[in-house]
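Open the model in your viewer and keep the selection panel at hand.

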Amino acid sequence: MPEPSVRFPDGFLWGAATAAYQIEGAVAEDGRGSSIWDTFSHTPGAVLRGDTGDIACDHYHRWREDLDLLRDLGVGAYRFSVAWPRVIPAGTGPVNPAGLDFYDRLVDGLLERGITPMLTLYHWDLPQALQDTGGWANRDTAEHFADYASVVHGRLGDRVPYWLTLNEPYCSAVVGHLEGRHAPGVRDERVAVTAVHHLLLAHGKAVAALRAGGATGQVGITCNLTSVHPASDDPADVAAARRLDLHENRMYLDPLFRAAYPEDAAAHYAPVTDFGFVRDGDLQLIAAPLDFFGVNYYERHHVAADPADPVRGWRRVPPEHPTVTDIGIHPEGLAEILDRVAKEYTPLPLVVTETGLALHDYAGPDGEIADDERIAFFDGHIRAAHDALTRGVPLIGFFPWSFMDNFEWASGYGVRYGIYYVDYPTQRRTPKRSARWYAGVIRANGLE
Ligand SMILES: OC[C@H]1NNC[C@@H](O)[C@@H]1O
Ligand SMILES: [Ca+2]
């Protein structure tokens, strides 16, 4: 019995997503300043095989061809990010007009092709000059981000209808400042929790700046959210799962939508921090009203108490069938998260701004890249998104990660997420089987 077909509402936003540092290259061109990812990727041992974003997909030069591929795909929207160090090379101070010109041409190119721009202001490439003055550990960076947001909005606000302030503050703060696997490669829990607050503050200040700038577009933020399940009903496992849920999800959802850190945050992060970095008015600013909320979904966790640290720790039980990035595939987790956000946090329209599967894609003898696993992944996640929609979740868009293979942070070019294959030596783009399949989904506005 074939799966029932699923239809999405008219006007549902089928998109594709990328980020500046992962695709642009041209890291020293036309006045671009250095970012923390330039520094980090050039740090020996930081990235697999020493890969860097110096060239990446050379999108900075190939953007017209890439926009044509988006048009061929038939997407209604394209989610990209603006590189702060292109626009304000030192993070604060002089604006680099050539940097703004690139995004101006990109936006016009999208509009000419009937594609709606969704712009992420910060997708991890903090100007290195700001890192030199403390980066996200320094509260001033939040102010500089708001100023940068105003500059970008000043140039593009008349043509960009969707604005995301931050991509995944959890990753910037925790992966970058506690785990140290991402730029700036810090391993300090107190700095990491401080960075959480300053990133959220930057979001709040940027929302205020966009509103003050007369933003007519929709303003939002994207968080990577996980579904967290205790590995058993053992109270220690249940408590560990609740702590991981705090750490990965509620530390962002509660400030953004309830203007308060979760009630268990102070105890959990004590004695590392007493949240002394929070000032009067901060949380009201952070909880500034938004127009939509972006959800990135990749992981469902099964969590057990960590015998080494049963009070504060947790152990993620490995998945039975790990993917190349050692996670499980749980489409139902997407529906669970969308339901939770809609039921417990906000009535705002939601967008799946990222979900995707890393593979070691290759072309077969016939030259086709048969990424059937990725097609199955998206089929499942689109069905899960539809399930949430039919339960009343106001889902308005779905953006697979990613439009094309690109620099996957600490994994470099070692894994591929694209629906277009990038042959890096030649920079040739080739549609994978998933690209043709996705074009059909867009045409049908759903699944057969
Ligand atoms: O790991 C896959 C993706 N996750 N979200 C942020 C993106 O920049 C990553 O490439
Ligand atoms: Ca395959």
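Which residue in β4 is the bridge partner of Arg79? Select Met118: in this predicted model, Met118 of β4 is bridged to Arg79.

Next, select residues 77-81, which form strand β3, and residues 116-122, which form β4; the two strands pair in the parallel sense over five bridges. Five of the five residues of β3 are buried. Show the side chains of β3: Ala77, Arg79 and Ser81 point one way, Tyr78 and Phe80 the other way, and all are buried.

Move on to the largest nonpolar core, a set of 129 residues. Select Trp37, Tyr103, Phe145, Met251 and Phe293, the residues with the most contacts inside this core. Then select residues 189-212, helix α9, which gives the most to this core, with 10 residues. A second, separate core has 16 residues, among them Ala17, Tyr162, Tyr298 and Val351.

Centre the view on Phe293. Beyond its neighbours within four places in sequence, Phe293 is in contact with Ile221, Cys223, Leu225, Leu253, Leu256, Phe257, Val341, Pro349, Leu350 and Val351.

The last stop is the largest pocket, with a volume of about 1,100 Å³. Select Arg181, Tyr298, Glu299, Thr325 and Ile327: of the 43 lining residues, these lie nearest the pocket centre. Then colour β7 (293-304), which supplies six residues, the largest share of the lining. Helix α8 (169-177) and strand β6 (218-230) each supply at least two. Coloured by type, the lining of this pocket divides into 17 nonpolar, 15 polar and 11 charged residues.

How values were computed
Residues are numbered from 1 along each chain as its sequence is written. Chains are lettered from A and ligands numbered from 1 in the order in which they are written. This is a predicted model: local features need pLDDT of at least 70, side-chain atom pairs count only at pLDDT 80 or more; totals for chains, interfaces and linings use all residues. Side-chain values use heavy atoms; hydrogens and water are left out. On a 1 Å grid over the protein atoms alone, a cavity is a set of points where a 1.4 Å probe fits but cannot get out, and a pocket is an open set with protein on both sides within 12 Å along at least five of seven lines; lining residues have an atom within 4 Å of a point. Grid points are joined across faces, edges and corners, and a volume is the space filled by probe spheres set on the points. Helices (H or I, at least four residues) and strands (E, at least two) are DSSP runs, numbered from the N terminus. Ala, Val, Leu, Ile, Met, Phe, Trp, Tyr, Cys and Pro count as nonpolar, Asp, Glu, Lys and Arg as charged, and the others, Gly among them, as polar. Buried means under 20% relative accessible area, exposed over 50%, partly exposed in between (1.4 Å probe, protein chains only). Two strands pair if DSSP finds at least two bridges between them. A nonpolar core is a set of buried Ala, Val, Leu, Ile, Met, Phe, Trp, Tyr and Cys residues joined through side-chain atoms within 4.5 Å. Contact means heavy atoms within 4.5 Å.
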